[in-house]
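I opened this model to take notes for someone who has not seen it before. The entries follow the order in which I looked things up.

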Amino acid sequence: MTEQMTDHQELVPSQDDAADELTSQLDGQDETNEAVVSEEASAEIEDSVVVEDSTEASTADAGEEEEEEEADDYFAPGDWYVVHTYAGYENKVKANLASRIQSMNMEDKIYDVVVPTEEVMELKSGKMQAVHKKVFPGYILVRMELDDDSWYVVRNTPGVTGFVGSGAKPTPLDPSEVQKILAPKTEERPKPKLDFEVGEVVNVVDGAFAGYSGPVDTIDVERQTVRVLLDLFGRETPVELMFHQVTKL
């Protein structure tokens with residue numbers, strides 16, 4: 001009986017041995033799980049890298065496309081010609097020409113009409129405001145394939161007085177000239193445009209010295225101030241005023 005029990009004990013593992021075996025199995029499962037998790041994490045990282053790379057590539061492609069579109073504005077089919085118009089009728093001529101291009105089916109020969117403008121600072125209602133001014137009053141730019149038909153459409157548009165060029169045939173602009181004219185001047189600050197200059201007599205319309213007048217001594221564009229020499233108590237006295245406080249006589 002004792003021998004049978006001993007044999008049975010040898011066949012049944014002890015609690016310590018069972019615990020060691022279970023721990024070993026769990027460790028093996030942990031290692032397997034860690035390997036699976038590690039593979040999944042690596043896959044996620046690879047996917048994120050691929051997404052980032054594709055995003056960067058898309059951004060770069062978009063930037064290149066935008067640059068190409070800007071370049072196309074200057075070097076698109078056709079040549080740029082300067083067309084003379086009645087002063088003050090530039091936008092009206094542009095509208096008239098656009099209408100004639102459509103009604104006369106000239107879209108394949110006359111591509112674009114531009115009135116060049118720039119942003120400047122002007123006094124309006126006593127405040128400096130940014131406004132758009134025509135760069136070349138009395139002129140517009142037209143991108144077109146020049147032949148007898150396209151010339152006729154442009155030349156006979158109401159408000160047009162003729163093409164600019166030497167001789168009978170209009171002279172196209174050089175692409176570099178077009179780029180300088182049409183390129184947006186984003187880095188430049190708007191240039192103040194004043195109704196007066198140094199030496200001119202201005203009238204004070206606001207402040208303690210309203211009603212006085214005198215010549216402009218200095219102009220500070222950055223501070224938007226002007227120093228005017230006013231006759232105060234029989235003496236010429238320099239007084240600093242804001243742009244909106246004075247007007248030209």
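I started with burial, where buried means under 20% relative accessible area, exposed means over 50%, and partly exposed lies in between (1.4 Å probe, protein chains only). I found that buried residues make up 22% of the 249 residues in the protein.

I noted the ground rules next. This is a predicted model, in which local features need pLDDT of at least 70, side-chain atom pairs count only at pLDDT 80 or more, and totals for chains, interfaces and linings use all residues. Residues are numbered from 1 along each chain as its sequence is written, and side-chain values use heavy atoms, with hydrogens and water left out.

Confidence: I looked up pLDDT, the predictor's confidence in each residue, from 0 to 100. The mean for the protein is 74, and 62% of its residues reach 70 or more. Where pLDDT is low, the predicted coordinates should not be read in detail.

Secondary structure: I counted helices (H or I, at least four residues) and strands (E, at least two) as DSSP runs, numbered from the N terminus. The protein has 5 helices and 12 strands.

Sheet: I took two strands as paired if DSSP finds at least two bridges between them. An open sheet of 4 strands has the order 2-5-1-6, with antiparallel pairing. Strand 2 (110-114) and strand 6 each have a single partner strand, so one side of each is left without a neighbour in the sheet. Strand 1 is joined to strand 5 (residues 139-144) by 6 bridges. I checked Trp 80 and found its bridge partner in strand 5 to be Arg 143.

Aromatic rings: Rings of Phe, Tyr and Trp (its six-membered ring) pair if their centres lie within 6.5 Å; planes under 30 degrees apart count as stacked, over 60 as edge-to-face and the rest as tilted. I got 3 aromatic pairs. Tyr 81 and Phe 163 have ring centres 6.2 Å apart and planes at 90°, so I logged the pair as edge-to-face. Tyr 81 is in strand 1 (residues 79-85) and Phe 163 in strand 6 (residues 160-163), 82 residues apart. Both Tyr 81 and Phe 163 are buried. Phe 209 and Tyr 212 have ring centres 6.3 Å apart and planes at 75°, so this pair is edge-to-face. Phe 209 is partly exposed at 27% relative accessibility, and Tyr 212 is partly exposed at 36%.
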